[in-house]
Amino acid sequence: MRLWTVQYRTVLESLEDSGELVGDWARVLSHSYRPAYEEMVAEMARRGIDCAGRPPLWAWLGPDTHDDRVALTAELLLNPDGPEEYGRYVVLDLDVPDEFVVLSSYGRWNDFLEAIFMSESSPRMDWSIDQDELDEPADGRVQACLPRVAGPWVLSARPLEPSSLDEPEETPLAVEAGE
């Protein structure tokens, strides 16, 4: 299954050294995410995927398209601030065996996260994916969770670059004024 993920540039060293990248609870963005991540790990286990006690790694359905769709999705998730921040990340284009992937709706995942943060009861995750979410895989609506990323699954790695939406558009007046 073709997937892409954005990871810290330092993971390339980990991939070279150990041959794989695995999740680490100490690196989860916020402690408050842990219950949701644990539910994802439990769902992966129900589907026969063992995370070996670690959190999953997130990726997105479809290949790295090398265009604004990938860059914009990465920007919305990471909110990089300036060129030095972009330099910390790489986009990995992956080809992962299907048996190591759990796909889910990113929108439903966010609803689940909100329910965990705002509710005293234990919410349930809706694991279904709508057809319209699958129709355009590069738009970031279908997430993929993996127990690890094995070195041989990495087809390519490239620096994360800002989307062109961050660059000011040149108007005819701006071009004329600059002449």
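How many helices and how many strands does the secondary structure of this chain come to? The answer is seven helices and eight strands, where helices (H or I, at least four residues) and strands (E, at least two) are DSSP runs numbered from the N terminus. Before I go on, please keep in mind that this is a predicted model, in which local features need pLDDT of at least 70 and side-chain atom pairs count only at pLDDT 80 or more, while totals for chains, interfaces and linings use all residues. Residues are numbered from 1 along each chain as its sequence is written, and side-chain values use heavy atoms, with hydrogens and water left out.

Let me start with the sheet. Six strands form an open sheet in the order β5-β6-β3-β1-β4-β8, with antiparallel pairing; two strands are said to pair if DSSP finds at least two bridges between them. At the edges stand β5 and β8 (154–159), each with a single partner strand, so one side of each is left without a neighbour in the sheet. From one strand to the next the twist averages 30 degrees, and angles here run from 0 to 180 degrees between N-to-C directions, the axes being lines fitted to C-alpha atoms, for helices over the stretch in contact. Helix α2 (residues 34–46) packs on this sheet, touching β3, β5 and β6, and its direction makes about 75 degrees with that of β6; contact, here and below, means heavy atoms within 4.5 Å.

Within the sheet, β1 (residues 2–8) and β4 are joined in the antiparallel sense by seven bridges, and in that pairing leucine 3 stands opposite leucine 94 of β4.

Strand β6 deserves a moment of its own. On one side, four bridges join it to β3 in an antiparallel arrangement, with leucine 146 of β6 as the bridge partner of leucine 57. Strand β5 (residues 102–105) also pairs with β6 over four bridges, again antiparallel, and there serine 105 stands opposite valine 142. Both faces of β6 are covered, since Val142, Ala144 and Leu146 on one side and Gln143 and Cys145 on the other are all buried, buried being under 20% relative accessible area, exposed over 50% and partly exposed in between (1.4 Å probe, protein chains only).

That brings me to the cores. A nonpolar core is a set of buried Ala, Val, Leu, Ile, Met, Phe, Trp, Tyr and Cys residues joined through side-chain atoms within 4.5 Å. The largest one has 19 residues, and those with the most contacts inside it are Leu3, Leu94, Val96, Val101, Leu146 and Val149. The elements that give two or more residues to this core are α1 (11–18), β3 (57–61), β4 (89–95), β6 (142–146) and β7 (148–150). A second, separate core of 17 residues includes Ile49, Cys51, Phe112 and Leu113. Returning to valine 96, this residue touches Met1, Leu3, Val101, Leu146 and Trp153, not counting residues up to four places away in sequence.

Finally, the cysteines. With a disulfide taken as a pair of cysteine sulfur atoms within 2.5 Å, the count comes to zero. For cysteine 51, the nearest cysteine sulfur is that of cysteine 145, 8.1 Å away. Cysteine 51 counts as buried because its relative accessibility is 2%, and cysteine 145 counts as buried at 0%.

For the chain as a whole, buried residues make up 39% of the 179 residues.
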